[in-house]
Amino acid sequence: MGTQVKPETQAAPAKQWKPDILGDGYQYLTLELGEDDEGPVVATLVSYTPKPPPPPGFTGRARNLLHQLRAPVAAEPVHAVLYVHGWNDYFFQTELADFWAGLGVAFYALDLRKYGRSLRPGQSEGFTMDLQEYDADIDAAMAALTEHVREHRGMDTPVRISLMAHSTGGLVASLWAHRHPGRIAALLLNSPWLELRGSWIVRNATAGLLEPLARLRPKARLKVPEMSYYWRSISTEADGEWNPDPELKMPNGWPIRAGWITAVLNGHAQVARGLDIRVPILLMASASSTMAGPWNESMLTSDSILDVNLMVQRGLLLGPQVTVYRFEDALHDVVLSAPAVRRRAYGKLEQWAQAFMLRS
């Protein structure tokens with residue numbers, strides 16, 4: 001059973017978008033989700049609206065006319081992507097936002113409750129006892145996203161939302177899509193965490209040991225290896241080329257708590273039984289994994305977090321239409337890999353999107 005959240009009893013305040021930490025073109029909206037035993041609970045929706053300069057000489061009335069000429073017809077559908085991050089993470093992948101904007105897709109990202117922009121003082125980082133709790137976050141984000149699009153494109157504009165998610169977010173998004181048929185146009189998964197390392201045997205044994213502890217002391221911290229190797233592969237402070245905020249994505253990872261890992265294992269068990277997601281699904285992953293032992297250079301060209309072979313096996317259980325792309329030298333987050341890998345990944349992603357997602 002998940003952490004109990006008390007519904008809001010007062011009228012919700014007017015939605016107010018504010019400038020985001022990512023700079024020009026980015027705004028965020030705080031989504032109020034009630035309270036739990038740690039206080040107020042929120043999620044955060046981030047929007048991206050690139051603002052290219054107008055052609056030379058276009059000012060005043062001419063600029064307004066140009067905007068009107070470029071504005072889509074209200075009856076035409078708007079395609080939107082809602083991105084969900086992974087564990088110990090938040091949205092900072094601006095190149096991904098640029099990619100979708102380049103295809104004419106409205107891009108949004110969600111920082112789940114107790115993650116990133118949504119983490120409040122005194123809260124247990126990323127903690128939940130039931131992954132279904134995140135249904136409220138995704139539902140609120142989709143409603144706010146739709147309202148935001150229609151405010152700019154016309155209130156009768158059809159909005160077709162596709163869900164894109166990474167790692168633990170991929171597990172959350174898959175379970176949500178299974179429970180909510182007909183709500184999205186497509187599901188795009190970037191190295192989703194669909195099974196524990198070592199498959200169902202390890203998962204069942206681990207779950208049996210953890211359940212009593214999770215029931216009695218759900219926030220008890222477990223002793224697990226630090227995840228600093230992955231940080232080393234992506235951060236400019238080490239061998240990577242990205243600048244995630246170490247306050248929002250901690251280099252050594254967050255504490256693993258009994259209740260949270262039990263919730264994840266329960267999610268893995270649901271995937272292993274098979275889901276029924278009736279929309280096109282894309283699964284992107286590295287071609288190889290390097291998960292054990294001390295640091296070595298292969299961790300710069302492989303998934304150092306998850307078993308990609310097991311991931312793909314489980315991915316085929318999500319629904320009847322699953323496309324798998326595996327990329328040589330890709331990292332756990334494929335879109336944070338080296339430039340040559342990213343070019344291949346974005347090329348395949350565009351092909352797939354045009355074929356299965358963006359058809360009106």
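Helices (H or I, at least four residues) and strands (E, at least two) are DSSP runs, numbered from the N terminus. With that in hand, let us walk through the structure. This is a predicted model, in which local features need pLDDT of at least 70 and side-chain atom pairs count only at pLDDT 80 or more, while totals for chains, interfaces and linings use all residues. Residues are numbered from 1 along each chain as its sequence is written, and side-chain values use heavy atoms, with hydrogens and water left out.

We can begin with the whole chain. The protein chain holds nine helices and 11 strands. Of its 360 residues, 51% are buried, where buried means under 20% relative accessible area, exposed means over 50%, and partly exposed lies in between (1.4 Å probe, protein chains only). A contact means heavy atoms within 4.5 Å. Among contacts between residues at least 6 apart in sequence, 73% join residues at least 24 apart. The accessible surface of the protein chain is about 16,700 Å², and carbon and sulfur atoms account for 53% of that surface; such areas come from the Shrake-Rupley method with a 1.4 Å probe, and for residues only the protein chains shown count as cover.

Now to the loops, starting with the one between β7 (187-190) and α5 (199-216), where you will find S191. Most residues other than glycine have a negative phi. S191 is also buried, because its relative accessible area is 0%.

Further along, D329 sits in the loop between β11 (322-327) and α9 (339-356). D329, again not a glycine, has a positive phi of about 70°. D329 counts as partly exposed because its relative accessibility is 37%.

Is E247 buried or exposed? With 65% relative accessibility, E247 counts as exposed. Although E247 and G116 are 131 residues apart along the chain, their C-alpha atoms are separated by 8.2 Å.

Our last stop is helix α8 (residues 308-315). Six of its eight residues are buried, so α8 is largely enclosed by the rest of the structure. The buried residues are V308, L310, M311, V312, R314 and G315. At the start of α8, the backbone nitrogen of N309 has a side-chain oxygen of D307 within 3.1 Å.

Methods. Polar contact = N/O pair within 3.5 Å; in protein donor to acceptor, adjacent residues only side chain to side chain.
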